[in-house]
Amino acid sequence: MAVMGDKSGSGSCVAGVARRKRGRPRSEASRVAVLKAAAELLDVDQISFDALTVERIASRAKVGKQTIYRWWPNKAGVVLDAIIDDHLSLTFPPVPDSGDLAADVRSWMETMLDEAMTEELISMVRHLVAAIAMGSAEVQARLRVSELCENPQLRARFLVEESRGGLRPGVDPMVVTSAIMDPLLLRMLAIGAPEPEWAHDLVDTVLRGALPATSGV
């Protein structure tokens, strides 16, 4: 399953991942070339994040390795920039819509555990979190309006359920999405792929607060 997608040609935790350094101004053309190169290596060439190197990115972008290190601390900083600038996207399994929200979210969680929670994804997310921690105030501001730490497919399913009147009055679909994704990502960072029992209990606990009492969850 591909976890990255190149969005450079299009019309779900950025410039300036590293704190700005004094010195030569950054060439916008070179910056975009570096971000697109990282996207192509991960998506088109299907190179794993662990196998990705600054040398490979520099070679594909036709810039010097020192150019990358002047503007980013490491490869994770480049990949984080590429995601927030929409050259790359973290993708998750689609959420089914059978008309039964609880069954659909449970099915989605099964797919997440079976297909998405790979060692490669876990490694990449851990590096991205480290890059976020090293980021500037600009990075933090752009992350707040990005979908890096969200799941658009899961949120869309909750929005559909809201439109059908299937959520409790006043329940925010974005908050419900975060209530599932935030603990899931934190658990993944801490111990790797979470235990199925814990993941299913998480879904049931969140849905009990989001669905009407008559739903039987």
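By salt bridge I mean a side-chain nitrogen of Lys or Arg within 4 Å of a carboxyl oxygen of Asp or Glu. Keep in mind that this is a predicted model. The structure holds twelve such bridges, and I will go through some of them.

Start with Asp97 and Arg157, whose side chains meet in a salt bridge at 3.3 Å, N to O. Asp97 sits in the loop between strand E2 (88–90) and H5, and Arg157 is in helix H8 (residues 152–163), so this pair ties together parts 60 residues apart in sequence. Asp97 is partly exposed, at 41% relative accessible area, whereas Arg157 counts as buried, at 4%. Through shared partners, salt bridges join Asp97, Asp104, Arg157, Glu161 and Arg164 into one network.

Now Asp104, which lies in helix H5 (residues 101–116). Is Asp104 buried or exposed? Buried, with a relative accessible area of 3%. Leaving aside neighbours within four places in sequence, Asp104 has contacts that include Asp97 and Arg157, along with Val95 and Pro96.

Two other pairs. Glu55 bridges to Lys65, with the closest N and O atoms 3.2 Å apart. That pair links helix H2 (residues 54–61), which holds Glu55, to helix H3 (residues 65–71), which holds Lys65, ten residues apart. Both are partly exposed: Glu55 at 43%, Lys65 at 38%.

Last, Arg31 and Glu28, where the closest N and O atoms are 2.9 Å apart. They are three residues apart in helix H1 (residues 28–43), so about one helical turn separates them. Arg31 is buried at 8%, while Glu28 is partly exposed at 47%.

Conventions:
Residues are numbered from 1 along each chain as its sequence is written. This is a predicted model: local features need pLDDT of at least 70, side-chain atom pairs count only at pLDDT 80 or more; totals for chains, interfaces and linings use all residues. Side-chain values use heavy atoms; hydrogens and water are left out. Helices (H or I, at least four residues) and strands (E, at least two) are DSSP runs, numbered from the N terminus. Buried means under 20% relative accessible area, exposed over 50%, partly exposed in between (1.4 Å probe, protein chains only). Contact means heavy atoms within 4.5 Å.
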